[in-house]
Amino acid sequence: MTKVLTIGSATMDVFVECDEANIVSVASKNKSSDFMSYPYGAKIDISGFSSNVGGGGVNTACNFANLGFETSAIFKIGEDIYSDGVLEAFKGRKVNLEHIIQNKETSTGFSIILVSFQGDRTVLAHRGANAQIMESEINFKAIKDADFLYVAPLNGESNKVLEPIVDYAHEHGTKICFNAGTTSIKRGFEHIKHILKSAHIVVMNKEEAMMTTGIQVRPDTKTEKFSHDIIHRDIKKMLTEMKVMDYQIIVITDGGKGAYAYDGQKFYFCPTYPAPVVSTLGAGDAFASTFCGALQRTNLNVGLSLMYASVNSSSVVSEFGATEGLITFEEIEEKLAHNSEYTYLEG
């Protein structure tokens, strides 16, 4: 059985749903942005409230285990009521936690997720222990023993361990899937490029890819109708620029529009799998980790792996909580079998 090790964050997530949240869209010639807003100084009733465990390290470990991989996790938590909740959430899940880091001197990560009426969300995050992973705390033997290392976003001081763990994994033949975080991206393309050279699979959302490459995805104008293309030419530029080694597959996710990939020979576009949206939190983690696992399941079929990832991600967004809607490969394949019209495109 393939051994997967994930490293990333662990948080206690509190979901706050409010139907009175406004979605404000602002567009200029070169870019467009969306904002969630509330009346300033007002007291607003919430329409829904719940709590669950999340974080990139937790979400992806739960998903890999659910997909049938032998899974271990590295994340850092405190010794508090929230760490109790994190550990409790793993009961019944086949994830090896012997490599996690626990320190009573720091607090477990905590997030407040503001969910809009559209199901999208804005996250207010207290990083806590997630931003304080030190190189000396990591069990490097676990990296060596793994077949596959999934690196979720590492923020704050924890970002300093990114290069050592990626270099170590590369030197010892452990394949790497890299899901960049804003801390890494803000250090500049040359820093990211060093990481990219070691990663077999790179997954970013569109905003992260724009930050990494400096390329903006232009909206339609009177003379140029980019939306008529299967894949926006600026997204193709980003995919091409981020692919710095022959063996890499680069993926850019684009929220409700779908996802794009490039393997050096073909560009791929996969629309989102249709599903009701309750909360988008955890959708990116489910997508990226499922894609990595599906490449092995499908014998490196990039387009089909995007479809697997989209199906699992759609199941997650149908539930509150970043891991509540995760499904197995068999359940993914059953859904695809019952929706023969759903497919990917090459462009």
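The model is predicted: local features need pLDDT of at least 70 and side-chain atom pairs count only at pLDDT 80 or more, while totals for chains, interfaces and linings use all residues. Residues are numbered from 1 along each chain as its sequence is written, and side-chain values use heavy atoms, without hydrogens and water.

An open sheet of 10 strands has mixed pairing and the order β8-β6-β1-β12-β13-β14-β15-β16-β17-β18. Strands (E, at least two residues) and helices (H or I, at least four) are DSSP runs, numbered from the N terminus, and two strands pair if DSSP finds at least two bridges between them. The edge strands, pairing on one side only, are β8 (95-96) and β18 (345-346). Strands β1 (residues 3-7) and β12 (residues 148-151) run parallel and are joined by 4 bridges. T6 has Y150 in β12 as its bridge partner.

In helix α11 (residues 329-337), F329, I332 and L336 are the buried residues, with buried meaning under 20% relative accessible area (1.4 Å probe, protein chains only). They lie on the same side of α11 because they cover an arc of only 60 degrees around the axis, taken from the directions from the helix axis to the C-beta atoms. The buried residues of α11 pack against α9 and α10 (302-317); contact means heavy atoms within 4.5 Å.

Helix α9 (residues 283-297) also gives the most to the lining of the second largest pocket, with 4 residues. That lining has 19 residues, and F148, K175, I201, L295 and L300 lie nearest the pocket centre. A pocket is an open set of points on a 1 Å grid over the protein atoms alone, where a 1.4 Å probe fits, with protein on both sides within 12 Å along at least five of seven lines; lining residues have an atom within 4 Å of a point.

How values were computed: Buried < 20%, exposed > 50% of the residue type's maximum accessible area, 1.4 Å probe, protein only.
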